[in-house]
Amino acid sequence: MIEFHDVHKTYRVAGRDIPALQPTSLSIDGGQVFGLIGHSGAGKSTLLRLINRLEEPSGGRIVIDGEDITALDSDGLRRFRQRVGMIFQHFNLLASKTVADNIAMPLRLAGGSSASEIDARVAELLQRVGLTEQARKYPAQLSGGQKQRVGIARALACRPTILLCDEATSALDPQTTASVLQLLAEINQELKLTIVLITHEMDVIRRVCDRVAVMDDGRIVEQGSVADVFLHPQHPTTKRFVLEDEHVDEDEQRDDFAHVPGRILRLTFRGEATYSPLLGTVARQTGVDYSILAGRIDRIKDQPYGQLTLALVGGDLEAAMSQLNAADVHVEVLRG
Ligand SMILES: Nc1ncnc2c1ncn2[C@@H]1O[C@H](COP(=O)(O)OP(=O)(O)O)[C@@H](O)[C@H]1O
Ligand SMILES: [Mg+2]
């Protein structure tokens, strides 16, 4: 659906070149929720804005739905942009227009619809985002979550096939974030829309994304399914995001574990294995004792997972290791 072939972007400011995106190749399947995570300045917004050519690439080819959009003329670009909706961190609503008029705006700009067709479409969109009661209000009379719902309805007005979200929940509190992400997930499911979202929060990725790319310094440094990338991070930047998300200070943890005897393992359970009574069984059969040093049971989208850090002492350690390895669990030795 979305392909980048050696796409790069350099801004030129006051005679200086700022390389915002290094040559990047990327492929995003249709119907996916694709997350881009990175710290501020990593190049996320640049990459996202290249998808609808809000930024012109300095080089490379961008192919969307089989069409090379880097080659479009202004007419072609205008038509193409109707297929790509976008929502923003600060909503970008027009303060002087009502909710209904904000949502109607792209339809009016696109032309080709009668007033009654526009009214009907706006009513449908208001209902979809749960704002029917707010149609006549102005943006200043809405909460942050409601404003973003207006942004989403406006982005969907022209029935796009791609929705771009630039830090869409970063200005919202955690509960509102959850409800907006839920809405995005529903839209992805019901409309089969491809969503590309950027965020600096792991939690956002974990809740809605199917795949994720981690960006650092103008590069994608790691990408894959959300479970693979976050349960087994490879790149230091990804590892840092995972530790931040778990509120773990690596140095403190190393100090704490230094006083714990035994072999330290990290076990990762996915799906059904998350709820299996494996530890008790292994401990009983091998005489190994375990203490739990850290742990988390959570979900990645709708898949449960568990990650436990254990210290094993006594008994038949090797037998315990081979039983764990044979089970449907990923075993990583943190300290031998
Ligand atoms: N319009 C612009 N003009 C000049 N430099 C820019 C512009 N937009 C972004 N940059 C620079 O490009 C780099 C990447 O920025 P950006 O894509 O906004 O990162 P992110 O969204 O990950 O915070 C940064 O160094 C930023 O300062
Ligand atoms: Mg940004």
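Predicted model: local features only at pLDDT ≥ 70, side-chain atom pairs only at ≥ 80, totals over all residues.

**Entry 1: helix α2**

I looked up α2, which covers residues 74–81. Asp75 and Arg78 both sit in this helix, three residues apart, about one turn. Their side chains meet in a salt bridge at 3.6 Å, N to O. Asp75 also meets Arg79 in a salt bridge, here at 3.8 Å, N to O. Asp75 and Arg79 are four residues apart in α2, again about one helical turn.

Asp75 has a relative accessible area of 40%, so I logged Asp75 as partly exposed. Arg78 is partly exposed too, at 46%. Arg79 reaches 51% and is exposed, because the cut-off for that class is over 50%.

**Entry 2: other salt bridges**

How many salt bridges does a search of the whole structure find? I got 22. One more that I looked up joins Asp101 and Arg108, with the closest N and O atoms 3.4 Å apart. Asp101 is partly exposed at 26% relative accessible area, and Arg108 is partly exposed at 47%. Elsewhere I found one network: salt bridges with shared partners join Asp203, Arg206, Arg207, Asp245, Arg296 and Asp298.

**Entry 3: Arg154**

I turned to Arg154, in helix α5 (residues 144–156). Arg154 is buried and has no salt bridge. Which side chain of opposite charge is nearest to Arg154? I found Asp166, 12 Å away. What I did find for the Arg154 side chain is the backbone oxygen of Asn92, at 2.8 Å.

**Entry 4: ligand 1**

I listed the shell around ligand 1. Among its residues are Tyr11, His39, Lys44 and Thr46. The shell divides into five nonpolar, six polar and one charged. β1 (2–13), β2 (16–28) and α1 (44–51) each supply at least two residues. α1 gives the most, with three.

Next came the polar pairs. A polar backbone atom of Gly41 is 2.6 Å from an oxygen atom of ligand 1. For Gly43, a backbone N or O atom lies 3.0 Å from a ligand oxygen. Ser45 uses its side chain: an N or O atom there is 2.9 Å from an oxygen atom of ligand 1. Last, I checked cover: on its own ligand 1 has 550 Å² of accessible area, and the protein covers 62% of it.

Methods
Residues numbered from 1 in each chain as written. Chains lettered and ligands numbered in written order. Heavy atoms only, no water. Near = heavy atom within 4 Å. Polar contact = N/O pair within 3.5 Å; in protein donor to acceptor, adjacent residues only side chain to side chain. Areas by Shrake-Rupley, 256 points an atom, 1.4 Å probe, with all protein chains shown as cover. Nonpolar A, V, L, I, M, F, W, Y, C, P; charged D, E, K, R; others polar. Buried < 20%, exposed > 50% of the residue type's maximum accessible area, 1.4 Å probe, protein only. Lys, Arg positive; Asp, Glu negative; His and termini not counted. Salt bridge = Lys/Arg side-chain N within 4 Å of Asp/Glu carboxyl O.
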